[in-house]
Amino acid sequence: MSAQSANRRLTAPDIAARKGDAEAAPIVALTAYTAPMARLVDQVADVILVGDSLGMVVYGYDSTLPVTVDMMILHAQAVMRASTRALVVVDLPFAAYEAGPVQAFEAAARIMKETGCGAVKLEGGAHMAETVRFITQRGIPVMGHTGLTPQAIATLGSFRAQGRERAQWPQMIADAQAIAEAGAFSVVVEAVAEPLAVEITKAVHVPVIGIGASAQCDGQILVLDDMLGLTPRTPKFVRRYAEIGAQAERALADYAQEVRERRFPSPQQTYPERKGDQKA
Ligand SMILES: Nc1nc(=O)c2c([nH]1)NC[C@@H]1CN(c3ccc(C(=O)N[C@@H](CCC(=O)O)C(=O)O)cc3)CN21
Ligand SMILES: CC(C)C(=O)C(=O)O
Ligand SMILES: [Mg+2]
């Protein structure tokens with residue numbers, strides 16, 4: 001069992017307390033966007049992230065930029081209805097918070113009030129520290145996200161690993177530290193050189209959750225659809241724990257063939273006529 005008391009959902013402070021506890025196992029985090037997936041993830045994870053990656057994974061956009069607060073709220077409501085144990089964290093989508101602390105508070109507060117989620121996540125380093133401080137001081141737990149920040153795709157040019165050169169490390173360590181010192185209860189570090197991830201994990205006083213980072217981080221997160229083998233192409237850092245997409249393909253081919261050969265439905269899947277003088 002995890003360090004979770006009966007009948008209580010994990011909270012942001014519960015997750016923060018996992019830093020520096022040598023006994024504590026690494027934090028298990030996964031994304032979920034829908035009720036059926038949240039029901040599954042809630043049985044194993046400490047943290048469920050309703051990630052803005054849903055724009056790419058569920059809606060087929062080629063970046064996360066078109067995702068709106070309204071979309072995040074609908075998916076977060078479904079995830080909250082289908083989970084009872086894990087802390088649910090909801091991504092603030094692109095352009096919902098970058099204009100300043102007040103804009104960020106308004107978006108984050110609306111998400112918390114309309115979904116009941118336990119925290120929000122936002123992307124960015126030192127330049128977002130003031131925003132993190134403003135909204136945490138007003139009662140909204142914030143998870144940071146540094147390293148590769150997909151909402152910066154238009155300025156980055158492509159999704160690729162960050163901090164492969166040691167000269168970049170001091171700034172990247174300072175970015176994660178600034179977010180933690182501003183009050184974030186945890187920081188996601190995405191797609192960075194492994195030894196940099198180790199340095200960030202040592203330097204930051206709250207749990208560092210890695211994705212394409214290091215096994216030495218305080219926890220790991222993956223996009224659920226990637227690790228289940230539901231997405232056609234996955235980043236280098238994904239381990240596919242199942243090939244559900246391939247299984248679904250076989251099931252669909254079987255169904256199509258059986259329909260065409262009139263082998264589906266069979267008597268088990270049809271209603272016989274009621275015989276005799278039974279009441280209707
Ligand atoms: N399904 C899914 N899974 C994710 O993990 C994910 C998303 N979508 N959407 C938003 C971002 C994009 N992500 C990515 C995508 C690719 C790499 C990657 O490994 N890129 C290659 C090089 C690619 C290039 O140079 O064009 C690399 O070696 O870094 C990393 C993170 C992670 N995030
Ligand atoms: C991959 C995780 C960290 C994320 O931000 C997302 O799914 O949107
Ligand atoms: Mg995201």
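1. The shell around ligand 1 has, by class, 9 nonpolar, 5 polar and 3 charged residues. In this scheme Ala, Val, Leu, Ile, Met, Phe, Trp, Tyr, Cys and Pro count as nonpolar, Asp, Glu, Lys and Arg as charged, and the others, Gly among them, as polar. The shell holds 17 residues, the closest being Pro-150, Phe-159, Arg-160, Val-223 and Pro-235. A residue is near a molecule if its C-beta atom, placed from the backbone, lies within 6 Å of it.

2. The model is predicted: local features need pLDDT of at least 70, side-chain atom pairs count only at pLDDT 80 or more, and totals for chains, interfaces and linings use all residues. Residues are numbered from 1 along each chain as its sequence is written, while chains are lettered from A and ligands numbered from 1 in the order in which they are written.

3. Overall, the chain has 11 helices and 8 strands; these are DSSP runs numbered from the N terminus, with helices (H or I) of at least four residues and strands (E) of at least two. Its C-alpha atoms fill a box of roughly 80 × 40 × 40 Å along the principal axes. Of the 280 residues, 42% count as buried. Buried here stands for 20 or more other C-beta atoms within 10 Å of the residue's own, exposed for 12 or fewer, and partly exposed for values in between, with C-beta atoms placed from the backbone. Among contacts with a separation of 6 or more, 60% join residues 24 or more positions apart; a contact is a pair of residues whose C-beta atoms, placed from the backbone, lie within 7 Å.

4. Ligand 2 is surrounded by Thr-31, Leu-49, Gly-51, Asp-52, Ser-53, Asp-91, His-145, Val-188, Glu-190, Ile-211, Ile-221 and Val-223. By class, this shell has 5 nonpolar, 4 polar and 3 charged residues.

5. An unreviewed UniProt entry lists Asp-52, Ser-53, Asp-91 and Lys-121 under "binding site". These span 70 residues in sequence, yet no two of their C-alpha atoms are more than 12.5 Å apart, so they gather at one spot. UniProt positions are given in the numbering used here, feature names are shortened, and annotations may be inferred rather than shown by experiment.

6. A "binding site" annotation in UniProt, also from an unreviewed entry, covers Asp-52, Asp-91 and Glu-123. Their span is 72 residues in sequence, but no two of their C-alpha atoms are more than 10.9 Å apart, so they gather at one spot.

7. Asp-52 counts as buried because 29 C-beta neighbours lie inside 10 Å. Beyond four places in sequence, Asp-52 is in contact with Thr-64, Val-67, Met-72, Asp-91 and Pro-93.

8. Asp-91 is found in strand 3 (residues 87-91). With 29 C-beta neighbours inside 10 Å, Asp-91 is likewise buried. Not counting residues up to four places away in sequence, Asp-91 touches Leu-49, Val-50, Gly-51, Asp-52, Met-72 and Lys-121.

9. Lys-121 belongs to strand 4 (residues 119-121). Its 23 C-beta neighbours inside 10 Å make Lys-121 buried. Leaving aside neighbours within four places in sequence, Lys-121 is in contact with Leu-49, Val-89, Asp-91, Leu-92, Met-143, His-145 and Val-188.

10. Glu-123 is found in the loop between strand 4 and helix 6 (129-137). Glu-123 is buried, with 25 other C-beta atoms within 10 Å. Not counting residues up to four places away in sequence, Glu-123 touches His-145, Thr-149 and Gln-151.

11. The axes of helix 4 and helix 5 (residues 101-115) come within 9 Å and cross at roughly 35 degrees. Axes are lines fitted to C-alpha atoms, for helices over the stretch in contact, and angles run from 0 to 180 degrees between N-to-C directions. At the contact, Val-69, Met-72, Ile-73, Ala-76, Gln-77 and Met-80 in helix 4 meet Ala-107, Arg-110, Ile-111, Glu-114 and Thr-115 in helix 5. By class, this contact has 7 nonpolar, 2 polar and 2 charged residues.

12. Ile-73 is found in helix 4 (residues 69-81). With 18 C-beta neighbours inside 10 Å, Ile-73 counts as partly exposed. Outside four places in sequence, Ile-73 is in contact with Ile-111, Glu-114 and Thr-115.

Methods
Contact = placed C-beta atoms within 7 Å.
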